[in-house]
Amino acid sequence: MTRRSCVIYATGIVCAHLLIVGIALVVAQVFQTMIHNRLKKELTLTEASRVFESWKNPPPPVYMEYYFFNVTNPEVFLAGGKAVVTQIGPYTYREYRPRENVTFLENGTKVYALNPKSFVFVPEKSRGNPEVDILRTVNIPAVAVMSELNSYSFLLRTFVSIYMKSLGVEIFMTRTVHEVLWGFKDPLLTKIHSIRPEVDEMFGLMWKKNGTHEGEFVFLTGERDYMEYGRIDTWNGLTEMSWWSSNQSNMINGTDGSVFHPLLSRKELLYIFAADLCRSIHLGYVEDVDVKGIPAYRFAPPHDVLQSPEENPTNAGFCVPAGDCLGTGVLKVSVCREGAPIVVSFPHFYQADDKYINAVDGLHPNKEEHETYLDLNPTTGVPIRACKRAQQVNNLSDPPPTFPQTATIDDDSAAQMRTLLLIVTLVSNFPLLIVGMGAILLIVLVVLVCRSRQKKVRPVLYPCTYYQETLNCFFL
């Protein structure tokens, strides 16, 4: 056997093995399964120290932006006219949210944690100075007191109203943004405090929320099932709430929004328990996006999350008392806010009934500025970019502040994520690489065989025809 023949036979054997092994691996999805199983294991709180540290101290900076509606025509509004508002802000604060008192429970299948939040003003990302800028808005303490007296007699309500006027308390108040946000000593609450010490004399939308947490959480680590990774097991010792009027509405579903299980599907609904909304909400797939070179799925609350019970009967449980319902796009959360007359919505009443939007001049709801969404890498389930937008309303005819909360993965974390995804892609596609190499060797084999056959052919001369010429001689 010649050297050329040996090369041909060896190439054929290697080609056959590569094609057989590669095709078998592709069909069996061995490497994909191996990667998926590895991800399921490593993306649990107990088995990946790096992920665990990231879970304890989220690396992407989170910013809370506060916008306020300044009422420009209080006299017209008090006379029965339509309020006109102008939006001011944002007043941006860096939000720090490390998890503390982390304790593993039940052989590492659960983890207990507190999540205190603290805020630091960021002037370069703000438009204005909260300690200087003046805001005219609804006097929330006064409205809260009057709302509390709705169940009392007309005579008592009239007496309290006269007493409030004697104190100089009006329906609208003028305060600095910092006071409205972080607290001030209210004269009406101070008088009530002298009679009922349990009533705090300070008021602020974020009063006592700087450095405090939203409750005690116990999370599932995903040790038993990767689909449970980050899911809330209990909140303040509760497996369900009791504020709402149906069992379904009282369920505590999903995660806290900071983590999700790996290997996400476009078809699934993601659930988040929002303590500030006193309920769980769901998010559906919207579109594929790219964040700093990282592929992500965008999930956002669909329109039915805040639909009225007439449009979505499953939301009837959020009417308290039962049957006392608001329209689409708003949610009354007074039941979990110590009786304060608070209604929440998306900013500018985005996705709400037109009656709320048209009740005030100066609102301009749109998807780009007012939609809440999460951009999640589908392989790891890690949030790459998030924007939570909410509006707290104390009077449906005058929306005071909106709270966009944004976070985008930082450059270092993005680089690490891109490297991880590149490795995952290469390993997952390794069988296809084997098949490709086998195909290339197959082409080489065909070329070698053809060239070998050509060199074995020798030129041969074949007699095609002949002729004979005869010369006849005649002699005389």
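# Notebook: a predicted model

**Entry 1, overview.** I noted that the model is predicted. Of its 476 residues, 44% count as buried. I then looked up the contacts with a separation of 6 or more, and residues 24 or more positions apart account for 62% of them. The accessible surface comes to about 26,100 Å². Carbon and sulfur atoms hold 58% of that surface.

I picked helix 6, which covers residues 154–166 and so has 13 residues. From first C-alpha to last I get 19 Å, close to the 18 Å expected at 1.5 Å a residue. After the helix comes Gly168, and I noted its positive phi, near 80 degrees.

I listed the ring pairs, and the count is 17 aromatic pairs. I looked at Phe217 and Phe219: their ring centres are 5.5 Å apart and their planes meet at 10 degrees, so I wrote the pair down as stacked. The cut-off for stacked is under 30 degrees. Phe217 is buried, with a relative accessible area of 6%. Phe219 is buried too, at 2%.

Next I took Tyr285 and Tyr297. Their ring centres lie 5.6 Å apart with the planes at 80 degrees, so this pair is edge-to-face. Tyr285 sits in strand 13 (residues 279–291) and Tyr297 in strand 14 (residues 294–300), 12 residues apart, and the pair links distant parts of the chain.

Which charged residues lie over Tyr63? I found Arg94 over the face of Tyr63, at 6.0 Å from the ring centre. I also found Lys125, whose charged end sits over the ring of Tyr63, 4.9 Å from its centre.

I looked up Gln391, which lies in strand 19 (residues 383–393). At 1% relative accessibility, Gln391 counts as buried. What does its side chain meet? A polar atom of the Gln391 side chain lies 2.9 Å from the backbone nitrogen of His348.

I then looked for departures.

- The peptide bond from Gly89 to Pro90 is cis, with omega near 10 degrees. Pro90 is in strand 2 (residues 83–96).
- Val320 and Pro321 are also joined by a cis peptide bond, with omega about -5 degrees. I placed Pro321 in the loop between strand 14 and strand 15 (330–332).
- Leu263 is not a glycine but has a positive phi, near 60 degrees. I found Leu263 in the loop between strand 11 (232–235) and strand 12 (270–274).
- Lys292 is not a glycine either, and its phi is positive, about 55 degrees. Lys292 lies in the loop between strand 13 and strand 14. Its relative accessibility is 36%, so I count Lys292 as partly exposed.

Methods:
Residues are numbered from 1 along each chain as its sequence is written. This is a predicted model: local features need pLDDT of at least 70, side-chain atom pairs count only at pLDDT 80 or more; totals for chains, interfaces and linings use all residues. Side-chain values use heavy atoms; hydrogens and water are left out. Helices (H or I, at least four residues) and strands (E, at least two) are DSSP runs, numbered from the N terminus. The expected span of a helix is 1.5 Å times one less than its number of residues. Rings of Phe, Tyr and Trp (its six-membered ring) pair if their centres lie within 6.5 Å; planes under 30 degrees apart count as stacked, over 60 as edge-to-face and the rest as tilted. Buried means under 20% relative accessible area, exposed over 50%, partly exposed in between (1.4 Å probe, protein chains only). A charge sits over a ring if NZ of Lys or CZ of Arg is within 6 Å of the ring centre and within 35 degrees of the ring normal. A polar contact is a pair of N or O atoms within 3.5 Å; within protein, one must be able to donate a hydrogen and the other to accept it, and residues adjacent in sequence count only if both atoms are side-chain atoms. Contact means heavy atoms within 4.5 Å. Accessible areas come from the Shrake-Rupley method with a 1.4 Å probe; for residues, only the protein chains shown count as cover.
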